[in-house]
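Student: Could we go through this model residue by residue, with the cut-offs stated as they come up?

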Amino acid sequence: MELIDLQKLAGGVSHHVNLQADNWILTKWNESEVDFAKNPTSIVDNHEKLLREILDCEGNPGKTVLPTKVITANNILTTTGLTESAKRDTGEVSTTVDYVGIGTSSTAESESQSSLLSEDSGGSYARRRLSTQGQRKVVNQTAKYGVLWQDSHVSGVPLTITEAGLFTAATSGVMHARVVFSDFAMSSGDLFVVQVNELHQNGSL
């Protein structure tokens, strides 16, 4: 298992970023070993608690539960997403970032994109809603979003997940951000946690 950078858990980003950037933490777990599904509306708190336990024991097996896969990645904040954020600040729109979608395209991110390129959606496996099926919160200047995917939340398993995005609506809406990552092969009994830490900070002066 890849050890996790504590700075990334705290939402840290490189100093050349002068407005905002997202850091994604994507983890896969054996459903029988964790109880995330019991309280999905506290997924950010519970996910970070377990990740910190792993850091404290330096990832040694037997000390705590370990994920079967961990990926951290930075994404693209889309032009339409940044525009929507600015309009929220001026009261021109009342949208919120409230949905997470996943997909199977590995095409690189671009700020001009407005949707996932191959979204896994439809019926019971549509986007997951943060305000009712996950958790979103602000800690200091970091907005944190988290949601849990069980095998019943996707179109079918096995499924190789390679992209994710933040959205303002269950369908269509504005895609705030998109990230592409190496293959996450989801099988029966897997839990897939998507957490996003969006840090708002000034760049180096």
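Student: Is serine 32 buried or exposed?

Tutor: The model is predicted, so local features need pLDDT of at least 70 and side-chain atom pairs count only at pLDDT 80 or more, while totals for chains, interfaces and linings use all residues. Residues are numbered from 1 along each chain as its sequence is written, and side-chain values use heavy atoms, with hydrogens and water left out. Buried means under 20% relative accessible area, exposed over 50%, and partly exposed in between (1.4 Å probe, protein chains only). With a relative accessibility of 73%, serine 32 is exposed.

Student: Where is serine 32 found?

Tutor: Helices (H or I, at least four residues) and strands (E, at least two) are DSSP runs, numbered from the N terminus. Serine 32 belongs to the loop between strand 1 (20-30) and helix 2 (43-56).

Student: What separates the C-alpha atoms of serine 32 and glycine 189?

Tutor: Along the chain these two residues are 157 residues apart. Between the C-alpha atoms of serine 32 and glycine 189 the separation is 7.5 Å.

Student: How many aromatic pairs are there?

Tutor: Rings of Phe, Tyr and Trp (its six-membered ring) pair if their centres lie within 6.5 Å; planes under 30 degrees apart count as stacked, over 60 as edge-to-face and the rest as tilted. By this rule the count is four.

Student: What are the distance and angle for phenylalanine 181 and phenylalanine 192?

Tutor: Phenylalanine 181 lies in strand 9 (residues 175-186) and phenylalanine 192 in strand 10 (residues 190-200), so their pair ties together parts eleven residues apart in sequence. Phenylalanine 181 is buried at 6% relative accessible area, and phenylalanine 192 is buried at 2%. The pair is tilted, 6.4 Å centre to centre with 50° between the planes.

Student: Which ring has the charged end of arginine 127 over it?

Tutor: A charge sits over a ring if NZ of Lys or CZ of Arg is within 6 Å of the ring centre and within 35 degrees of the ring normal. The charged end of arginine 127 is 3.6 Å from the centre of the ring of phenylalanine 167.
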